[in-house]
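Visitor: Before we start, please show me the structure. I would like to learn how to read a pocket and a helix pair.

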Amino acid sequence: MEEVDVEPPVTNIPAAAAGKHLGFAWGPGDILVYETLYKASGMCTTMKCSPFIHEVRKDEDIYSPILRKLFNESHHIFVVNHIKDISKNYRSVIRACMEELQQVAVSTQDAEVATQYGDQVSILLAIELIWNLCEVLFIDAAPAGSLLLHLLDWVRLHKADVDEKARDVLQSESPAEHESYWDVVLGYVLQGRLEEARQMLVKQASLHPAARNMFKLMDTLLSKMPFYNPSGTQTLTEFDVKWRHWHEEVDRCLQDNSFASNQHLEAICKILVGDEDTLLEHKDLLSTWYHFLVTRLLFCHPTVKPTELHYYAQSCLTMFLDSRSAPEPLDSILLAAFEFDIHQVIKDCSIALNNWWFVAHLTDLLDHCKLLQSHNLHFGSNLREFLLLEYASGLFTHHSLWQLAVDYFDHCPEFGRVYLELQIERVPLDTERKALKVLRICEQRQMSEQVRSICKIMAMRALRNNRLGSALSWSIRAKDAAFATLISERFLQDYCAKGTFSDLDLIDNLGPAMLLSDRLTFLGKYREFHKLYGEKRFREAAKLLLSLMTAKIAPRSFWMTLLTDALPLLEQKEVSFQDTFDLQKHTEEDIEVTKVELLRLALARNLAMAIVKEGTVEA
């Protein structure tokens, strides 16, 4: 999306002095703060009050140049709206913005900027985490068996620190002796990445030849763990039986103390049987209760059904968090998702997140997927439309993102047009280019009242700057006959004063627009008379001049000018007796006597020549 305007200047707002009283006025995306005269205290009789009004922005995100890309890209996805890929496309945009913010936060030398971008990264991380889970649970709606595979992908995507540790370990001189080696192995196991865990264990086995059989047994257990294949021929019941046989085999090894001599391998064996105490001992590697949940499901309940998720989620949250710790807003949102309470997810996100972008787009997506129960709110709009309207209203406070908001309003069938009509009038028409852009939007939507308003504003501005051509063009576009008449008068006054017309291209190409008002018609036809005269088409020029006088559309103050223009024509042979006679009749009006006598003399001479000429032709 092209940005046609520059960034607005930033004004630093000093802290209000103690004892001063402030007033507030709410806008769609910000508030205005101003000092008030508080008469009751008599304060302003002894203290000078500030005359300034300050703008306080509620939503700073729309002013971030990187996050602006998020708004622009997601707008394109919203408009195209191919259900199949739309959710993944939104996540791709979130991820791209997050990575760019991360790079800037790391590279900047400004600590304040680094903190600001770091906070934005944290918010986008949470947004991506929630969106991805909603995609798994609500949109993909994976059944038992497949559900766990989706949740494993979800955790792996959002828990990437094990890969960073693995890179450090593998790049060291002796990976098996690196201090983070066992953290990497256990991290892989906790995420169900057993093939990678096996590859790491090979390095340890080569250092301990005496424990080769023990490592070989662990490798066998890891390689034999079954994973459900949704595209395979195996049924969920057959998979469950196979998984239970494997689970029993691992449990026997644990009971036989097969790994008692190696605490790390024994810990892995306990994880494989889903021992809760062992899992909780590795909180630092799990880091979150929802990672704990997915790992617990992997090694205890791999065929979990969607309807059972809420039970396991609640118990894992309780077990993982310290009894003295209260759940964070993110915890509550994820828990609501695991409970398949879509409306609670949207409600909690609306409260916790700092703008409407996430809830507006997620709700729209869920609505398109027929997953959002449509219910009217107290003020008449459904939830989807309400959130889109709020998000779009916020965009309208930005100097260029307001253009995106137009399409969002277009997709709100109930109140979108009303909101657009109200908001479009608030867009500052700083330049003619911007005014044309706003005008085009209104014209495309048949918003005739707004079209007239914009054109009148621009016409008045042009007139104040003495740009008559631009003023006339805007008044014609507004179809404002009265204003077109006023500007036409100004053109004629300028002509009387200077003897020439300005903006000839516009006047020469008025076309049907000249019919908007009599004065505009006269202006166009009078300019046409001058063109005919310049081309030496005197007969046609005389007839046109005569028609302008007989039609009585010329301003009375301009009659003398018309008759003066007629003087050279009267000396031309092409002007007929009848044309001359008609022109002479128009000199009988009450106008300047001296000039009229001159005109009558010229008319009399031309009349005499016309009689002689036409009499000779008849003879």
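Visitor: Which classes of residue make up the lining of the second largest pocket?

Guide: On a 1 Å grid over the protein atoms alone, a pocket is an open set of points with protein on both sides within 12 Å along at least five of seven lines, and lining residues have an atom within 4 Å of a point. Here the lining has ten nonpolar, six polar and five charged residues. Ala, Val, Leu, Ile, Met, Phe, Trp, Tyr, Cys and Pro count as nonpolar, Asp, Glu, Lys and Arg as charged, and the others, Gly among them, as polar. The model is predicted, with local features needing pLDDT of at least 70 and side-chain atom pairs 80 or more, while totals for chains, interfaces and linings use all residues. Residues are numbered from 1 along each chain as its sequence is written, and side-chain values use heavy atoms, without hydrogens and water.

Visitor: Which helix gives the largest share of that lining?

Guide: Helices are DSSP runs (H or I, at least four residues) numbered from the N terminus. H3 gives the largest share, five residues.

Visitor: At what angle do H19 and H20 pack?

Guide: Axes are lines fitted to C-alpha atoms over the stretch in contact, and angles run from 0 to 180 degrees between N-to-C directions. For H19 (residues 402-410) and H20 (residues 416-424) the angle is about 155°, with the axes 8 Å apart. Angles over 145 degrees count as roughly antiparallel, and H19 and H20 are therefore roughly antiparallel to each other. Contact means heavy atoms within 4.5 Å; among the residues making it are Trp 402 and Phe 409 of H19 and Tyr 419 and Leu 420 of H20. The contact residues divide into six nonpolar, two polar and two charged.

Definitions and conventions. Helices (H or I, at least four residues) and strands (E, at least two) are DSSP runs, numbered from the N terminus. Angles under 35 degrees count as roughly parallel, over 145 as roughly antiparallel, 65 to 115 as roughly perpendicular and the rest as oblique.
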